[in-house]
Amino acid sequence: MSKYDIIVLGSGPGGYVAAIRASQLGFKTAVIEKESLGGICLNWGCIPTKALLKSAQVFEYLKHAEDYGLKVTDYDKDFNAVVKRSRGVADGMSNGVKFLMKKNKIDVIEGFGTLKTGKKIDVDGTEYSADHIIIATGARSRELPNLPQDGKKVIGYRQAMNLDKQPKKMIVVGSGAIGVEFAYFYNSMGTEVTIVEYLDKIVPVEDNEVSKQLERSFKKSGIKIMTSAEVTSVDTSGAGVKATVKTKKGEETLEADILLSAVGIKSNIENIGLEDVGIAVDRDKILVNDFYQTNIPGYYAIGDVTPGQALAHVASAEAILCVEKIAGQHVEALDYGNIPGCTYCTPEIASVGLTEEQAKAKGLDIKIGKFPFSASGKASAGGNKEGFVKVIFDAKYGEWLGCHMIGAGVTDMIAEAVLGRKLETTGHEVLKTVHPHPTMSEAVMEAVAAAYDEVIHL
Ligand SMILES: Cc1cc2nc3c(=O)[nH]c(=O)nc-3n(C[C@H](O)[C@H](O)[C@H](O)COP(=O)(O)OP(=O)(O)OC[C@H]3O[C@@H](n4cnc5c(N)ncnc54)[C@H](O)[C@@H]3O)c2cc1C
């Protein structure tokens, strides 16, 4: 039986990062994967969706070339080529992980891993053992009982990024990051899109002002939006799909070629031996402590299969922390209150910390500053005047409680707020930090200045 110091089950951004950190720290390491290296993120999540969205954004630029003084008369999309490019980008990233495994001398074991007692794992009939086993089996699209996915007319995200024919009409159920990214992509490509959201606003986890801005932008671009609306049943017996939607006004039937169910994820905890080993689970999440140890010594869990935000950067951060703790290093528990969340439709959304509503609900005395991109030189030059940066500070102590952005390129700007919050910076320190001109990032400095009544360009 092959024996390792650390075996990682699953090779997503949790698993493969854990394996690399383990190897760096001198552990003999193996990673087990049943599909493609890189997990959902690289193969069916973060990366291929961003490739699709890039094609949509380029297409939008072509449509609006005249706004930039350019004449582009002959252009069109090739839906299959757009999908092919996205798949190619995903394959390239997966191959990159293969290279990293080789470079770090990590054994890749292909197949389905099942946990066994005594710190062993069975992979399709062959047993391996390790001093430490890290479970990083991730998640899949969640299916609602009244919205079963047949993979053809009622689909999840995997099919949505790999369709061989562009639908004319699409219903997107759920308006979290995945739902709105696909809604934007398909609408740009020319599909008629209707979003159905159960809650009373789209992108429900975001600050109210951000949700309102996205709703305005989406409606302007032709996306139909139904909030406080629930799909109660679907009928796929005809040529397309008919969805019965319950709204405050009564029942409505929507017809489309395809319905995308984007109502969240379900962890991969089935048939991996958790019950045999006795690992504690709450609903579909493996229970862990601050250092990702399960209730059974020697078994750990990280990423989407554990509680906490289901994001690639969270999985990777947990991976590094888990392995460094195994190595006996001094590590601090992850601050789940300072995790940035990004959505890559146009306009992009990026946020960290408390929303205005959450800060008020906590009874905090707050200072708010907001700077619209319509007042930014870089945004004007780029033709990206939509959106704003909003910052929230504690009025008494100056703690940076939250930062919420919507607009072009904001997903690359949020790291400033995350770092500022990590270093416990105050508003005055941010507004006295010289930002380069002209950049979109000046809007962060100006928003902070606005909170302290020192804004220059408003
Ligand atoms: C459409 C979409 C877009 C997304 N966009 C973003 C984004 O922009 N930014 C972001 O931060 N996050 C994004 N996410 C979320 C992100 O993909 C996940 O949070 C991340 O992949 C979780 O990493 P993980 O390592 O926990 O699991 P996963 O990436 O799910 O990897 C788990 C791996 O384990 C393997 N596995 C499972 N069970 C077994 C077994 N028994 N034996 C062997 N192998 C097994 C699976 O095949 C898989 O490869 C997106 C998700 C989706 C679906």
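1. Let me start with a strand pair: β20 and strand β21 (residues 348-353) run antiparallel and are joined by three bridges. Within this pairing, Gly341 has Ser351 of β21 as its bridge partner. Please keep in mind, here and below, that you are looking at a predicted model.

2. That pair belongs to an open sheet of five strands, ordered β20-β21-β24-β23-β22, with antiparallel pairing. At its edges are β20 (341-343) and β22 (366-372), each of which pairs on one side only. Direction ignored, neighbouring strands of this sheet are turned by 10° against each other on average.

3. Helix α12 (residues 414-422) lies across β20, β21 and β24 (400-407), and runs at about 175° to β24. Helix α14 (residues 442-451), in turn, lies across β22, β23 (388-394) and β24, with an angle of about 140° to β22.

4. In the model, the span 339-447 is 29% helix and 28% strand, and its end C-alpha atoms lie 20 Å apart.

5. Now to another sheet. Three strands, in the order β12-β13-β14, form an open sheet with antiparallel pairing. Because β12 and β14 (250-256) stand at the edges with a single partner strand each, one side of each is left without a neighbour in the sheet. From one strand to the next, the twist averages 25°.

6. The pairings inside this sheet can be followed residue by residue. Strand β12 (residues 230-235) and strand β13 (residues 241-247) run antiparallel and are joined by five bridges. Val234 stands opposite Ala243 of β13, and a hairpin of five residues leads from β12 to β13. On the β14 side, seven bridges join β13 to β14, again in an antiparallel arrangement. There, Thr244 stands opposite Thr253 in β14.

7. Is Ser11 buried or exposed? Its relative accessible area is 1%, and because the cut-off for buried is under 20%, Ser11 counts as buried. The side chains of Ser11 and Glu33 are joined by a polar contact of 2.8 Å. Leaving aside residues up to four places away in sequence, Ser11 touches Tyr16, Val31, Ile32, Glu33, Ser36, Leu37, Gly38 and Gly39.

8. Lys165 is a loop residue too, placed between α5 (157-160) and β9 (169-173). Lys165 has a relative accessible area of 64%, and since exposed means over 50%, Lys165 is exposed. Along the chain, Lys165 and Val83 are 82 residues apart, while their C-alpha atoms are separated by 9.9 Å.

Terms used. Residues are numbered from 1 along each chain as its sequence is written. This is a predicted model: local features need pLDDT of at least 70, side-chain atom pairs count only at pLDDT 80 or more; totals for chains, interfaces and linings use all residues. Side-chain values use heavy atoms; hydrogens and water are left out. Buried means under 20% relative accessible area, exposed over 50%, partly exposed in between (1.4 Å probe, protein chains only). A polar contact is a pair of N or O atoms within 3.5 Å; within protein, one must be able to donate a hydrogen and the other to accept it, and residues adjacent in sequence count only if both atoms are side-chain atoms. Contact means heavy atoms within 4.5 Å. Two strands pair if DSSP finds at least two bridges between them. Helices (H or I, at least four residues) and strands (E, at least two) are DSSP runs, numbered from the N terminus. Axes are lines fitted to C-alpha atoms, for helices over the stretch in contact, and angles run from 0 to 180 degrees between N-to-C directions.
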